[in-house]
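Here's a quick tour of how the chains meet, with a couple of stops inside individual chains along the way.

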Amino acid sequence: MATEVMQSAEPRTNYLNAGHTVKSWLLTLDHKRIGLLYLFSISAFFFIGGIYATLIRLELVTPQGDLMTAETYNKVFTMHGVIMIFFFLIPSIPAVLGNFLLPLMLGAKDVAFPRLNLLSWYVFIVGGGMFMLTMINGGIDTGWTFYPPYSSIYSNTQVTLAGVSIFITGFSSILTGLNFMVTIHTMRAPGMTWFRLPLFVWAHYATSLIQILGTPVVAITVLALGFERTLQIGIFDPKLGGDPVLFQHMFWFYSHPAVYIMIIPSMGVVSELIANMTRKRVFGYHFVAFSSLAIAVFGFLVWGHHMFTSSQSMYAGLVFSLITYAVAIPSAIKTFNWTATIYKGSVSFDTPMIYALAFLGLFTIGGMTGLFLAAMGLDVHLHDTYFVVAHFHYVMVGGAIIGYLGGLHFWWPKITGKMYPEIWGRISAAIVFLGFNLTFFPQFVVGYLGMPRRYHSYVPEFQVLHILSSAGASILALGFLMPVFYFAWSIKYGKPAGANPWGAVGLEWQTPSPPPTENFTYQPVITTEAYEFEHVEEIKNAGKAEALQTA
Amino acid sequence: MAEHATHVPGLAHHFVSMEQQKEAGTLGMWIFLLTELMFFGGLFLAYTIYRTTYPEGFLYGSHLLNVPLGGTNTVVLIVSSLTMAMAVYYSQLGEKKKLIFFLLVTLALCFVFLIIKYFEYMSKIHDHLFPAFGTYHPSTTGPHGIPLELQQPVRVFLWIYFLMTGLHALHMIVGAGILITLIYMAQKGRFTKQYNSPVEISGLYWHFVDIVWIFLFPLLYLTGFHVSGAGH
Amino acid sequence: MTLLTSFFLQLPFMPEQASSFAQEVDLFYLALWGLTVFFTIGVALAAGIFMIKYRRKRAGEIPEQVEGAMLLEITWTVLPFIMALGIFAWGAKLYYQMYTEPKDALEIFVTGKQWMWRAQHPDGQREINELHVPLGRRVKLTMTSEDVLHAYFIPAFRTKADVVPGRYTTTWFVPTKVGTYHLFCAEYCGTQHSGMIGKVIVQEPSDYQAWLGGGTKEPPAAAGQKLFASLACNTCHYEKSGGRGPTLVGVYGTDVKLDNGTTVKVDDAYIRESILNPMAKVVATYQPVMPTFQGQVSEEQIANLIAYIRSIGKQDGDGGTAAPAAAAQPAAKPAAPAAKPATPPQSGAKQN
């Protein structure tokens, strides 16, 4: 308490009030401000993608396909997919929380290449703007996977423009990954050895590896698709000697690791949340750290599991299936270690911990249902059905977005210097959890019953499950909207947070909230291991205050 | 330490020391080259798959390419790698004049490469061998003719040729831009014995672009020789 | 175990079991749900109990730190690994059965086209957006597409295969229950993707024969023979050797030597490739002089040509099916329902 009073008494310059002009934001080289620029941009994309999701769920309430035409529906689900994946999920945690936190956690003044960092945001905006242009010009209807020859010859929509926008956005992702990797290698404060790094940093290191190695492949793939459409080259067109399945290989070589770009940072967030909300060092720190790298590396060798029914040879399929099970192991290791971390902890029930717990449950279901799909004989039936849709939403929403929201609540006091209203945080977390399960669990069932993906109309016997799903979606939408309002409210009316409101470890909590422009007023020197709570002054002080009260 | 750092010319404010800055720059370039490698990797994958599918198309197609011109370009690039290495060497010694000289020679070689490439492309377009825009109408006879049943497989070879060498040429053009910037900076006396990492990092890029060509040349131009040599 | 799966069948959690694969796929599916529930409840319960038991009692509390335990780590690395290997093996075994094509199957040729399914039976009977199949007989579908990717999906049979332009893919099944089932296109194929659906009708063999009897038709082999003459194939491919091209009598199902020294098995995929891309694999001692027929023949015509070449092929039945002429006769022998074929996978489905 005493520290907070002192802080509010003296006006302090921080990264937020360092400049108030629009220019000071648009030309900023400060990683924290760039993180916020990303936060606003990807939130906008999230809500546009959310509107498309709403339209999908509304259409599927009835089996006839009577709300919109098939053509419109195909565009709606394509744009939902493209926006959510390329313009929200891939940049979400790395570009917002990673940008804001990485230098703070390392004890650095900024990322290694601040100009490149700003450039990556502009590249993202140009790519995103071009995709908006695609939408205005009629959108695309190929599905987010862009399989030729439909996308290259038969579709009459804006495939080339969309391809170019994804090509450009890819460079934003590459630049972020490159910057993070160099930052982690070269910008660590004295004493910050590799095994003293927070697990959030390890997760981002693994993510950067995928961004660097995978993104260029999808970039060249969509570029080839664009050439194919505009120049009639015949790269993937069987009529001109091309091979349509080659596209699938090249596409999934990136797009499977890309799901790890979305989930590994979320795992990093959950490691931080669980450690700090239970005040326990993460159980099996080394195992959790290396499992991130293992997932990133193995993730490059499993793309063929998207193609068990695509006429790929059985022997290739066997190898891809086997390696896919190898990826499951590090994910399982992480889950068990997080659960073990809670054991004998001092567990807080604040919103970030509720999100972490939701993550544990939903990610377990998401991961386990992945095993169904990796089992070749079962995948023959499940492939391209709603079971797949349910599985990846369990991982992407139940895993990645839940982690992102948990992280946003946890670091909100650091970002803004204000506390969000805790009670509303808990209510919205509960609503998200319920709404999510109601939306997506029925999709496992309807998928096994045989409902294919990307169907505008469907056979009537699937209707009950679709109605359940749509009802859940409306609850989920409410849960996603609530934080917008209370976060906005808290900026003006929230309680001042103080440097370390959670009694958390990590360098980011040792500097004021919001942090000054160069992060620290001193050169941090690290002398302790990660997650050593004995040294956290705030916890000791809270203990003293309590002792005085009880005395 | 931080107070001293602000006095060093060329040191950005968020780095603690010159060593840290140089390490970050070099590592950044290596990682960037890794990305580039994967970028070309997608096309090498397409090459491998289509060469296996259409061996005869690749055999025939590679005979259509001008080996003397391609070979000349290979020599030009290898020499340019040497001059670039010399430029890096003299930048480390802080010898401004020699640095500028070798950068200029490298730039000149870069243009020589691009001009030769231009003539190669134009002759293909002239022979109706450009596999896009519906302009692919090779004759069936003559030195640039293709038998009817091979026209499609050769077409696959040709688009791979144009895509790979085109992407490579694009990298050369970017390299030319980098060289011009370096020459301008060197002219202004920005490089010293202590601060020369931009030259060094650009050198890495230049060598990478050369190495890509070292792979492209045999894979595209010499495939025919290899196969016919083994077959007969 | 059969009891267990049939109990779940009463609930609307699963499509009907109408093929020989369905029961094992369902069993596998339920087993995996068992594991999923076990792990999810396990993790949630452990985390929930720990959270309540070790909830923060005072603000300044610093819990006793528990370092990782190597034994525990190894346990929960090795056990899931073994479990995963088990799942892999089961899935791979099932897939192997689905992938391995049966002998003496009823072969039906399927073409996907935006947005309809065409099927042609061995005796030439055709149908659109429907597929009539006899109960208890092994049925093999050889499929290709005239435009974009499609996928032939019969949920009640638990089978699905992509239908790819420019190549043949196959799938097979043994229908085990008379009835009408859904047929879906599962690979997104454009505007009317969700309209590219149809019915699979499983009939008693006698009903199937009666159905085959209706309508006018020409067996594919006969159609192929006419085409063989009208495309002037017979001016080079004589009935005996001595033509500019090799004779095609008796070659189907055999291995032939190529001019580059390798050998190739004469199957559907090789014939198709030779029609469309004659230079790819030239038979030894012959000149590469055959022109391509790309763009001149439709997928169905290629299928007819293949049927013809097969009908004059090796006659000991090694080619996979009985000759189409024979298949047109009432198929008296109902095949064993549980097919355990041991032939190696055919190359048609894995051509790159």
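Across the interface of chain A and chain C, the rule turns up one salt bridge. The partners are A:Asp243 and C:Arg167, whose closest N and O atoms sit 3.0 Å apart. Keep in mind that this is a predicted model. Polar contacts across the interface of chain A and chain C come to 29 residue pairs, both residues at pLDDT 80 or more.

Which elements of chain A do the touching here? At least two residues each come from helix H4 (70-106), helix H6 (150-154), H9, helix H11 (314-342), helix H12 (351-374), helix H13 (376-382), helix H15 (422-449) and helix H17 (537-550) of chain A. H11(A) has the largest share of the side of chain A that touches chain C, with 15 residues. By type, that side of chain A splits into 54 nonpolar, 30 polar and 15 charged residues.

As for extent, 99 residues of chain A and 90 residues of chain C take part in the contact. Together, chain A and chain C bury about 8200 Å², and 69% of that is on carbon and sulfur atoms. On the chain A side, A:Met314, A:Phe336 and A:Tyr448 supply 8% of the area buried against chain C, more than any other three residues.

Now for chain A against chain B. There, 39 residues of chain A are in contact with 33 residues of chain B. The two chains bury about 3000 Å² between them, with 72% on carbon and sulfur atoms. The trio of A:Thr186, A:Ile220 and A:Ile233 accounts for 16% of what chain A buries against chain B, more than any other three residues.

H8(A) gives the most, nine residues. The chain A side that touches chain B divides into 26 nonpolar, eight polar and five charged residues.

Here are the buried areas side by side:

| Interface | Buried area | On carbon and sulfur atoms |
|---|---|---|
| Chain A and chain C | about 8200 Å² | 69% |
| Chain A and chain B | about 3000 Å² | 72% |

Next, a strand in chain C. Five of the five residues of strand S8 (residues 169-173) of chain C are buried, so the strand is largely enclosed by the rest of the structure. In a regular strand, side chains alternate between the two faces of the sheet. Both faces of S8(C) are covered, with C:Thr169, C:Thr171 and C:Phe173 buried on one side and C:Thr170 and C:Trp172 buried on the other. S8(C) pairs with strand S5 (residues 139-145) of chain C in the antiparallel sense, over five bridges. In that pairing, C:Phe173 is the bridge partner of C:Val139.

Last stop: a glycine in chain A. A:Gly128 lies in helix H5 (residues 114-136) of chain A. Is A:Gly128 buried or exposed? A:Gly128 counts as buried because its relative accessibility is 1%, and the cut-off for buried is under 20%. Setting aside neighbours within four places in sequence, A:Gly128 is in contact with A:Phe45, A:Phe87 and A:Thr169. A:Phe436, by contrast, is 308 residues away from A:Gly128 in sequence and 27 Å away in space, C-alpha to C-alpha.

Notes: Residues numbered from 1 in each chain as written. Chains lettered and ligands numbered in written order. Predicted model: local features only at pLDDT ≥ 70, side-chain atom pairs only at ≥ 80, totals over all residues. Heavy atoms only, no water. Buried < 20%, exposed > 50% of the residue type's maximum accessible area, 1.4 Å probe, protein only. Helix = DSSP H or I, 4+ residues; strand = E, 2+ residues; numbered from the N terminus. Pairing = 2+ DSSP bridges. Contact = heavy atoms within 4.5 Å. Buried area = accessible area lost by both parts, 1.4 Å probe. Nonpolar A, V, L, I, M, F, W, Y, C, P; charged D, E, K, R; others polar. Salt bridge = Lys/Arg side-chain N within 4 Å of Asp/Glu carboxyl O. Polar contact = N/O pair within 3.5 Å; in protein donor to acceptor, adjacent residues only side chain to side chain.
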